[in-house]
Amino acid sequence: MAVNIVIAGAGDMGFHLAEQLYYESKNIILIDLDKDVLDNIGSRLDVLTIEGDSASIDVLKKANIHNAELMLAVTTSEKTNICTAVLAKQLGAKKVIARVRNHDYLYPENKVYFENLGIDSIISPSMLCSKEISRLMKRSSFSDVIEFEDGRLSVVGITLDRYSPLINRKLSDTRTDPIFKEIRIIAIVRDQRTIIPRGDTFIRNNDHVFFISNNKSVNTVKDLVHHKEKDIHDVMLIGGDDLAYSTARELEGDYGVTLIHNEKERCKWLAERLDNALIIHGDYKNINLLIEEGLETMDGFLALTDSSETNIITSLSAKNHGVYKTIAHVDTREYIHISHSIGVDSLINKKLVAANHVSRYLKKGQVEAVSGIQGVEAEFVQYAVTKNNKLTKKNLKALHFPSTAVVAGVIRGEEVFIPDGQFQLQLYDKAIVLALPEAKPVLEKLFN
């Protein structure tokens with residue numbers, strides 16, 4: 001029987017979640033006030049849509065909320081989300097998650113209030129995105145950083161230029177190199193297309209390559225591609241909304257943060273709440289102002305305004321003025337797909353970050369964690385091997401995994417492995433699988 005999942009809110013986050021579930025043959029019901037948005041999604045995905053207010057009991061009943069395994073309240077209204085989640089739980093939904101903006105709600109001592117209301121989890125896209133930005137700053141050589149089991153295994157992304165020794169080499173040729181014992185190329189983004197590489201795949205100039213590595217060998221990736229890393233000390237941040245505020249709070253203890261925003265009252269508000277950041281009122285679109293405030297001495301530049309175009313253009317300008325690490329927030333999903341060729345080190349979208357975080361609740365089977373990659377069609381799924389079945393009786397090559405998936409890493413007790421085709425899974429292993437959407441149904445059968 002199909003799993004019934006109700007999503008309130010058909011914006012970028014709601015659509016992204018519905019899109020993920022679409023490939024997994026789950027029964028999805030999407031609620032929104034905007035009929036045009038629902039019609040657009042209904043023409044692209046096989047989901048049931050309901051026009052109406054998700055905080056209405058009648059609308060929730062129409063969505064068969066009493067049968068819902070999961071209710072996701074992710075509209076742009078915090079009050080609607082909280083009300084929807086509370087009602088959904090009272091009406092019989094097994095698990096409910098609400099999207100919020102207020103940072104105070106996320107403090108550990110305040111979460112109990114929401115638990116008492118029956119809300120299983122609350123999430124703030126801004127705070128999740130801020131933590132993602134912090135990770136990217138700490139490993140500034142890479143455009144993408146995903147960690148598993150507290151960093152025991154890491155996936156990092158980097159764009160290869162013509163000076164890289166890997167260019168025009170076949171993947172199978174690299175495997176004789178001892179350095180690839182602890183490192184593996186598991187995905188390539190080329191011309192906005194995600195490739196799960198095989199032995200006969202050639203690596204090309206401007207490929208955006210994803211490596212998996214154990215904790216000790218992450219720095220070896222930089223040596224391998226001849227990429228020099230610079231320590232980040234001083235960061236300029238433009239913008240003043242929730243994302244800019246939460247990011248400045250996240251970073252100000254570790255870096256010198258200069259924040260520039262164009263609204264005077266908001267600057268006063270930020271200055272009262274940030275302890276160490278320097279707050280400057282000014283037009284962040286004016287590159288001369290940014291230079292006057294020290295742009296050319298900065299190691300990092302974060303463009304977090306409410307305009308995707310402004311963020312991209314100012315980040316490119318910062319790059320041209322010698323800033324080592326640039327990150328731009330974009331609200332448009334389409335920009336993410338060109339993130340690896342646009343010239344900005346990292347593009348990030350807080351709604352997609354939050355959707356990837358939520359997606360761990362959407363899986364069935366022996367799934368322990370899920371991580372998506374910005375601008376990449378595939379996602380990582382961490383499965384637990386809980387049965388002595390064919391998974392443990394044959395090596396990976398003999399299991400005939402779908403060509404659109406690969407076992408990227410395995411955690412076995414205190415050991416970590418970067419497996420090849422001869423590797424054999426054991427009971428209680430944690431297998432980290434990179435999969436394109438079409439591979440997920442097959443993987444769920446294999447790991448169940």
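Visitor: Which residue's backbone oxygen does the side chain of His281 reach?
Guide: A polar contact is a pair of N or O atoms within 3.5 Å; within protein, one must be able to donate a hydrogen and the other to accept it, and residues adjacent in sequence count only if both atoms are side-chain atoms. The side chain of His281 has such a contact at 3.4 Å, and the backbone oxygen belongs to Asn262.

Visitor: What kind of model is this?
Guide: Residues are numbered from 1 along each chain as its sequence is written, and side-chain values use heavy atoms, leaving out hydrogens and water. Local features need pLDDT of at least 70, side-chain atom pairs count only at pLDDT 80 or more, and totals for chains, interfaces and linings use all residues, for this is a predicted model.

Visitor: Is His281 buried, partly exposed or exposed?
Guide: Buried means under 20% relative accessible area, exposed over 50%, and partly exposed in between (1.4 Å probe, protein chains only). His281 has 45% relative accessibility, so this residue counts as partly exposed.

Visitor: Which histidine does His281 contact?
Guide: Contact means heavy atoms within 4.5 Å. Leaving aside neighbours within four places in sequence, His281 meets Asn262, Glu263, Lys264 and Cys267, together with the histidine you ask about, His261.

Visitor: And which residue's backbone nitrogen does the side chain of His261 reach?
Guide: His261 sits in strand β13, residues 256-261, and counts as buried because its relative accessibility is 7%. Beyond four places in sequence, its contacts include Arg266, Ile280 and Tyr284. At 3.2 Å, its side chain reaches the backbone nitrogen of Gly240.

Visitor: How many disulfides are there?
Guide: A disulfide is a covalent bond between the sulfur atoms of two cysteines. Here it is counted when a pair of cysteine sulfur atoms lies within 2.5 Å. Cys129 is buried at 0% relative accessible area, and Cys267 is buried at 6%. By the rule above, the count of disulfides is zero.

Visitor: How do helices α6 and α14 lie relative to each other?
Guide: Axes are lines fitted to C-alpha atoms, for helices over the stretch in contact, and angles run from 0 to 180 degrees between N-to-C directions. Angles under 35 degrees count as roughly parallel, over 145 as roughly antiparallel, 65 to 115 as roughly perpendicular and the rest as oblique. Helix α6 (residues 125-138) packs against helix α14 (residues 350-358) at about 95°, with axes 8 Å apart. The two helices are therefore roughly perpendicular.

Visitor: How many charged residues are in the contact of α6 with α14?
Guide: Pro125, Ser126, Leu128, Cys129 and Glu132 in α6 meet Lys350, Val353, Ala354 and His357 in α14. Ala, Val, Leu, Ile, Met, Phe, Trp, Tyr, Cys and Pro count as nonpolar, Asp, Glu, Lys and Arg as charged, and the others, Gly among them, as polar. That division gives five nonpolar, two polar and, for the charged ones, two.

Visitor: What is the phi of Asn206?
Guide: Asn206 lies in the loop between β10 (193-195) and β11 (208-214), and counts as exposed because its relative accessibility is 53%. Although Asn206 is not a glycine, its phi is positive, at about 75°.

Terms used:
Helix = DSSP H or I, 4+ residues; strand = E, 2+ residues; numbered from the N terminus.
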